[in-house]
Number of protein chains: 2
Amino acid sequence: MAPPPSTAVPPLVGLLVRIVTLVCLLVSIVVLVTTSYTDTTGDEVSKLKFSDFYAYRYLLSASVVGLAYSFLQTALTVLLVTTGNRIGADSMLLFDFYADKVISYVVATGAAAGFGLSVDLKRLLNAVDTSELNTFLHKAEAAASLCLLAFVLTALSSIFSSLSLPKRVQ
Amino acid sequence: MAPPPSTAVPPLVGLLVRIVTLVCLLVSIVVLVTTSYTDTTGDEVSKLKFSDFYAYRYLLSASVVGLAYSFLQTALTVLLVTTGNRIGADSMLLFDFYADKVISYVVATGAAAGFGLSVDLKRLLNAVDTSELNTFLHKAEAAASLCLLAFVLTALSSIFSSLSLPKRVQ
């Protein structure tokens, strides 16, 4: 059996970071999809959902993509840790490098878009504020915060995979 | 004279990417700071500036940070290209790696926050729309688009500097 490719950090540390990322994104998604607000003050009952805003839809998409990728990487790292083997060796390190980079940007922009809308919307709606509408925006912000935490962890994973890049041919 | 550290891409390519990044961010900043809207429909004349929104303030901050960094890197790369020498050699490659990474995240989140607010604000304000208010939001979106383009270029620089990392001690 060929030796597994060496990585810049112990695989267990990488695994731990992936698992925490996964949990953060999962909770972020749950919080976001349960975010809704029912307005009963007027004659008609109107319901506001997170999906009524493009920024929150993007936040959800980014979280789902990040979650799927974290799940894949967790499975692969468990495989590496338990069997000491990993398919593809060096080419896999290059895949990790590019994929980690792209995913960290996706998660970062998801969190930023969520915050970009929530923070100003909260200020704009202060005039017509109700505590329930505030709860709606607070929940959306909580989802964005979790996504931000997940981004910090994906950025860490991206640093790890960059440092683990195979030796460059000079 | 010690030989300059080898990079994964020719320094001239790196320089070109830095210069285009610099131009994009500069134009983005100019477009954003000139974005204002004067409402003369009511009794009072009220002026809306980009700085009235936190998301646009963050977009400006991110662009300014990105611009300052691109300027520094352009100067250092010109030094490398003209003299073939660069202070610090390998440790400088490590600095480039971390700094490029951080700056690309800052610029990416700046663009995402700008878009996150603009896209939904445009839809929300459709009811009370005036063409001038639309121009305000379009200009802000143009600034965010330029910042997005700059982000793609900073991400490219970040890939270059990651691939140029000094050989890892195995």
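Predicted model: local features only at pLDDT ≥ 70, side-chain atom pairs only at ≥ 80, totals over all residues.
Of the 170 residues of chain A, 47% count as buried. Contacts, defined by heavy atoms within 4.5 Å, are made by residues 24 or more positions apart in 79% of the cases with a separation of 6 or more in chain A.

An unreviewed UniProt entry annotates residues 12-37, 58-82, 102-121 and 142-165 of chain A as "transmembrane region"; positions are given in the numbering used here, feature names are shortened, and such annotations may be inferred rather than shown by experiment. In the model, residues 58-82 of chain A are 100% helix and 0% strand, with the end C-alpha atoms 36 Å apart.

Helix α1 (residues 11-33) of chain A has 23 residues and should span 33 Å at 1.5 Å a residue, which agrees with the 33 Å between its end C-alpha atoms; the expected span is 1.5 Å times one less than the number of residues. Among the buried residues of α1(A) are A:Arg18, A:Thr21, A:Cys24 and A:Ser28.

Several residues in helices of chain A have contacts with chain B. A:Ser158, in helix α4 (residues 131-163) of chain A, counts as buried at 0% relative accessibility. Beyond its neighbours within four places in sequence, A:Ser158 is in contact with A:Asp100, A:Lys101, A:Ser104, B:Lys101 and B:Tyr105. A:Ala112 belongs to helix α3 (residues 90-124) of chain A and counts as buried at 10% relative accessibility. Residues up to four places away in sequence not being counted, A:Ala112 touches B:Thr109, B:Ala112 and B:Ala113.

In chain B, B:Leu117 is placed in helix α3 (residues 90-124) and counts as buried at 0% relative accessibility. Its contacts, apart from neighbours within four places in sequence, are A:Gly116, A:Leu117, A:Asp120, B:Phe53, B:Ala55 and B:Tyr56. B:Leu117 and B:Phe53 are 64 residues apart in sequence, while their C-alpha atoms are 8.8 Å apart in space. B:Glu141 lies in helix α4 of chain B and, neighbours within four places in sequence aside, is in contact with B:Phe115, B:Ser118, B:Val119 and B:Lys122.

Helix α2 (residues 54-83) of chain B packs with helix α4 (residues 131-163) of chain B at an angle of about 35°, with the axes 11 Å apart. The contact involves B:Tyr56, B:Leu59 and B:Ser63 of α2(B), together with B:Phe136, B:Leu137, B:Ala140, B:Ala143, B:Ala144 and B:Cys147 of α4(B). These residues divide into eight nonpolar, one polar and no charged. Here Ala, Val, Leu, Ile, Met, Phe, Trp, Tyr, Cys and Pro count as nonpolar, Asp, Glu, Lys and Arg as charged, and the others, Gly among them, as polar. Axes are lines fitted to C-alpha atoms, for helices over the stretch in contact, and angles run from 0 to 180 degrees between N-to-C directions.

How values were computed. Residues numbered from 1 in each chain as written. Chains lettered and ligands numbered in written order. Heavy atoms only, no water. Helix = DSSP H or I, 4+ residues; strand = E, 2+ residues; numbered from the N terminus. Buried < 20%, exposed > 50% of the residue type's maximum accessible area, 1.4 Å probe, protein only.
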